[in-house]
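The sequence and the structure come first.

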Amino acid sequence: MLSRPFQILLAALLGCFAMTLMADSNRQDSFVFSGSYVRASMPGQTVGAAYIHIHNRGATDDYLIAAHSPVAASVDLHSSHMQQGMAHMQRESRLPVPAGGQLDMKPGGIHLMLQGLKHPLKEGEQIPVQLVFEKAGTLALTLPVRSVLSPSGQGAMPEGMSMHGSMNGPMQESPAH
Ligand SMILES: [Cu+2]
């Protein structure tokens with residue numbers, strides 16, 4: 001039989017190990033994703049946009065630092081803002097998802113820009129997307145494709161600009177700038 005002090009030591013070690021596992025799974029579970037979708041694209045269109053509402057229920061501030069999807073050559077983090085009546089997009093390297101707070105992506109605000117679409121995205125499809133967080137690491141999601149009516153004037157605008165829906169809604173500040 002093990003000596004009493006050794007039993008206590010063993011129990012303590014196992015306890016630490018279990019707590020470490022729990023901490024990790026809590027970190028994964030601390031993000032709640034809602035309202036997520038990828039915009040349907042037209043044949044020949046090379047860029048797409050995805051929107052995800054990320055709620056951080058954990059106690060640790062985190063940052064979204066990258067995203068990937070097999071349907072696109074690359075995925076950029078973008079913010080949009082109005083400048084002299086025109087919508088401008090800007091690439092972001094690090095989007096904050098504060099503890100107890102959220103990162104709310106929406107047309108006209110922060111979004112994921114799918115660059116180099118490999119095929120048109122049709123309503124009803126499910127698109128795998130990986131989000132990379134500075135602390136939580138990589139989390140995999142599956143987003144539905146939703147067909148959203150494009151704003152008027154699409155033909156006159158560059159493809160990327162036409163992706164972002166109505167610019168009349170409330171604009172989201174770019175937190176990184
Ligand atoms: Cu964009």
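Helices (H or I, at least four residues) and strands (E, at least two) are taken here as DSSP runs, numbered from the N terminus. Counted in this way, the secondary structure of the protein, which is a predicted model, comes to 2 helices and 10 strands. Read from the N terminus on, the elements run α-β-β-β-β-β-β-β-β-β-β-α. Of the 177 residues, 26% count as buried, and among contacts between residues at least 6 apart in sequence, 73% join residues at least 24 apart.

**Confidence**

The pLDDT of the protein averages 79, and 68% of the residues score at least 70. Over residues 16-27 the pLDDT is below 50, and this stretch has 3 contacts in the model beyond near neighbours in sequence. Residues 152-177 also have a pLDDT under 50, but for them the model has 47 contacts beyond four places in sequence.

In soluble globular proteins, nonpolar side chains tend to be buried together. In this model the largest nonpolar core has 29 residues, and those with the most contacts inside it are Ala50, Leu64, Leu103, Leu112, Leu114 and Ile127. At least two residues of this core are supplied by each of the strands E1 (31-39), E2, E3 (62-68), E4 (72-83), E6 (95-97), E8 (111-117), E9 (126-133) and E10 (137-146). The element that gives the most to the core is E2, with 5 residues.

For Ile127, one of the residues with the most contacts inside the core, the partners beyond four places in sequence are Val38, Ser69, Val71, Leu121, Thr142, Leu143 and Val145.

**Strand pairings**

Strand E8 pairs with E4 in the antiparallel sense over 6 bridges, and 4 bridges join E8 to E2, again with the strands running antiparallel. Strand E4 is joined in turn to strand E5 (residues 86-92) by 7 bridges, and these two strands also run antiparallel. Individual facing residues in these pairings are listed below.

| Residue | Residue opposite | Strand of the residue opposite |
|---|---|---|
| Ala49 | Met113 | E8 |
| Ser74 | Gln115 | E8 |
| Val75 | Leu114 | E8 |

The hairpin of E4 and E5 has 2 residues between the strands, and in it Gln84 takes a positive phi near 50°. Gln84 lies in the loop between these strands, and it has this positive phi although it is not a glycine. Because Gln84 has 5 C-beta neighbours inside 10 Å, it counts as exposed.

Leaving aside neighbours within four places in sequence, Tyr51 is in contact with Ser36, Tyr37, Met105, Lys106, Pro107 and His111. Tyr51 and Met113 are 62 residues apart in sequence, while their C-alpha atoms are 9.1 Å apart in space. His53, with residues up to four places away in sequence again not counted, touches Phe33, Ser34, Gly35, Ser36, Gln102, Asp104 and Met105. The C-alpha atoms of His53 and Ser36 are separated by 6.3 Å, and these residues are 17 apart along the chain.

Ala140 lies in strand E10. Why does Ala140 count as exposed? Ala140 has 9 C-beta neighbours inside 10 Å, and so it counts as exposed, given that a residue with 12 or fewer such neighbours is placed in that class. Beyond four places in sequence, Ala140 touches Pro128 and Gln130. Ala140 and Ser69 are 71 residues apart in sequence, with a C-alpha to C-alpha separation of 9.6 Å in space.

Note on methods. Residues are numbered from 1 along each chain as its sequence is written. This is a predicted model: local features need pLDDT of at least 70, side-chain atom pairs count only at pLDDT 80 or more; totals for chains, interfaces and linings use all residues. Two residues are in contact if their C-beta atoms, placed from the backbone, lie within 7 Å. A nonpolar core is a set of buried Ala, Val, Leu, Ile, Met, Phe, Trp, Tyr and Cys residues joined through C-beta atoms within 7 Å. A residue is buried if 20 or more other C-beta atoms lie within 10 Å of its own, exposed if 12 or fewer, and partly exposed in between; C-beta atoms are placed from the backbone. pLDDT is the predictor's confidence in each residue, from 0 to 100. Two strands pair if DSSP finds at least two bridges between them.
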